[in-house]
Amino acid sequence: MAALLDQQAVPASARVINLAGERLPASLIGRVFSSSGAEKICNLYAPSETTTYSTWTCMARGEAVVETIGRPIANTRVYVLDDHGEPVPFGAVGELYIGGAGVARGYLKRPELSAQRFMADPFSAQPGARMYRTGDLARYLPDGNLEFLGRTDEQVKIRGFRIEPGEVAAHLCAHAWVREAVVVAREERAGEPQLVAYVVAAQEAQEAQLAATLRAHLVGQLPDYMVPAAFVPLGALPLTVNGKLDRRALPAPQDDAYARRGYEAPRGALETVLAQLWAELLGLERVGRHDHFFELGGHSLLAVRLLSRLSQIAGVELSLAMLFARPVLADLAAGMAGAVSGAAAQALPAIGAVSRQAPLELSFAQQRLWFLAQLDKDSARYHIALGWRLRGRLDRAAWRRSLDQLYARHEALRSVFVDAEEDPRVEILPPGTGLPVLEHDLRERPDAAAALVALCAEEACMPFDLARGPLIRGRLIRLSEQEHVFLLTQHHIVSDGWSVGVLVRELGSLYRAFVAGQANPRRCRRSSIPIMRPGSGNGSPGSGCSVRRSTGARPCQARRPCSRCRRTGRARRVSRLPAPRCRWRSMRSSRGNSGGWAVSMARRCS
């Protein structure tokens, strides 16, 4: 339609125009009405799997333009469901499912894909009713119409939170200064993924105030992790020859795309050090004394890194409370100067290694998890599970050697928690026992897909014995000579969401080295046992002293893990590992999997 309008090729006699196949933006609706004699525009939505059209809406000339895909047509049912297959609250974002007479039988000669997308309709009273999982994100508007928000495969993860960029873009488009908007995740600033909004501004918009104004608009409506760090103004969104958004043509944000204050150079040594650290962590060329840490894209995790860097470079201990209370650089420097003037700057006390022959105490987080485990020894709610689908030739010997080496390197993975007479104690299993891995061969099984689902569910729900261990285990499932699935499950008492990232990177490095015939590329020994113990006077609650590892790693931040086990639901993505001759794909656990597949994000020690 946009091409017809560009060529002025819309027939003058056209009074009703039906549009389908792509998202219909409000700007295009306005162009059609202004450039043709059409009196009505109908927006028709549905994938081919539900027989052409499933929802529709009709907009008349002169009415307010709202981006919506309307309501279901006759003999069609539409559901907006969450990850567990339950209806979402009104106005919340969920995945769109379509049921009714239009649902196709499935994909020709592709039974596995058909089983993933065409499923039983639990909301229909009709026997044998089915529904189709579209992969599209939507929500109900106040008038009962549906708003299309993009694809589930466009979801991004920022600081551990899953975000639908389409939802953020929808809130942006509600501002009078915005004609069109798209939100994407970029990983260019300081290696951290962040949201960037690309905005086609209205004529009345003031470009100099655009970033600050739109940020303030979103802050009042969305949680902080959904507010874009940068707002890039564009004359028009870049499109491919097919009229779709060309994401590769979106420019990288420059400094003026961030909510900047009027620049004034830092004054004094303390402001200069702070400005350099902010620029380093936020990936900016320069930071002024009037700039706001969080408006520049800072967040709580970067704040923790800032405190650690400040302690290392300047020997100054800064509390998170002060940073949140004084986020402007000049104010923060003034507050720090006042705090330091009353006492000399103090560095964290050095932490030395202790003998592994003496009993080791549990950290505060481990004490809590151990106590919860005593209440329900068969619970799987504190499992951290990973799954990979490995395509290509897998060197199984190198794979097992990599796992055993990883297990031997990290004492935390070999820790068990024994109930002593007074308090539980940590004991370390010997490094030579190897990481336990079960192997399954499904190559000759006609029901390999169903068997894989059953093994995933079994692995996720199998409890750990904290006293006997090991508290990490794996399963290698062979589907064919060129395809394997590997499941890795840990108990949260020895691992956390960020430790998983370290584990994944090391496993990839080890495997690449062993496949290439190299020796162990990572010879350093790391202890994962905190030496600063509860009750030692250092690092106790309220002392304000960060806990360091025995290797001198930076202070770490703790977060509360999941408070409950998620119900059985569809899968979520997990990490990928690059390796030679073997292509690593993220694996989605199936509908029957246990909630133990939810990964609890807790802390990161960098």
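**Helix packing and burial, with reasons**

Analyst: This is a predicted model. In helix α6, the buried residues are Glu271, Leu274, Ala275, Leu277, Trp278, Ala279, Leu281 and Leu282.

User: How do you know how far α6 reaches against what is expected?

Analyst: Helix α6 covers residues 268-282, which is 15 residues, and its first and last C-alpha atoms lie 21 Å apart. The expected span takes 1.5 Å times one less than the number of residues, and for α6 that expectation is 21 Å, so the helix comes out close to it.

User: What makes Leu307 count as buried or exposed?

Analyst: Its relative accessible area. Leu307 has 15%, and buried means under 20%, so Leu307 is buried. Leu307 belongs to helix α7, residues 300-314.

User: Which residues does Leu307 touch, leaving out those up to four places away in sequence?

Analyst: Leu318, Ser319 and Leu320. There's also Glu317, 10 residues along the chain from Leu307, with 7.1 Å between the two C-alpha atoms.

User: Why are α4 and α5 called roughly perpendicular?

Analyst: Helix α4 (residues 165-173) and helix α5 (residues 210-219) cross at roughly 115°, and their axes come within 10 Å. The roughly perpendicular class runs from 65 to 115 degrees, therefore α4 and α5 get that label. Their crossing is right-handed.

User: Which residues make that contact between α4 and α5?

Analyst: From α4 you have Val168, His171 and Leu172, and they meet Leu214, His217 and Leu218 of α5. That set splits into four nonpolar, two polar and no charged residues.

User: And what makes α11 oblique to α13?

Analyst: Helix α11 (residues 396-409) packs on helix α13 (residues 497-515) at about 135°, with the axes 9 Å apart. Roughly perpendicular ends at 115 degrees and roughly antiparallel needs over 145, with the rest called oblique, so α11 is oblique to α13. The crossing of this pair is right-handed.

User: What do the residues in the contact of α11 with α13 divide into?

Analyst: They divide into 10 nonpolar, two polar and three charged. On the α11 side, Trp399, Leu403 and Arg409 are among them, and the α13 side includes Glu506, Tyr511 and Phe514.

User: How much of the chain is buried?

Analyst: Buried residues make up 47% of the 606 in the chain. The chain has 13 helices and 21 strands. Of the contacts with a separation of 6 or more, 64% join residues 24 or more positions apart.

Methods
Residues numbered from 1 in each chain as written. Predicted model: local features only at pLDDT ≥ 70, side-chain atom pairs only at ≥ 80, totals over all residues. Heavy atoms only, no water. Axes fitted to C-alpha atoms, helices over the stretch in contact; angles between N-to-C directions. Helix = DSSP H or I, 4+ residues; strand = E, 2+ residues; numbered from the N terminus. Parallel < 35°, antiparallel > 145°, perpendicular 65-115°, else oblique. Left-handed = near helix turned anticlockwise from the far one by under 90°. Contact = heavy atoms within 4.5 Å. Nonpolar A, V, L, I, M, F, W, Y, C, P; charged D, E, K, R; others polar. Buried < 20%, exposed > 50% of the residue type's maximum accessible area, 1.4 Å probe, protein only.
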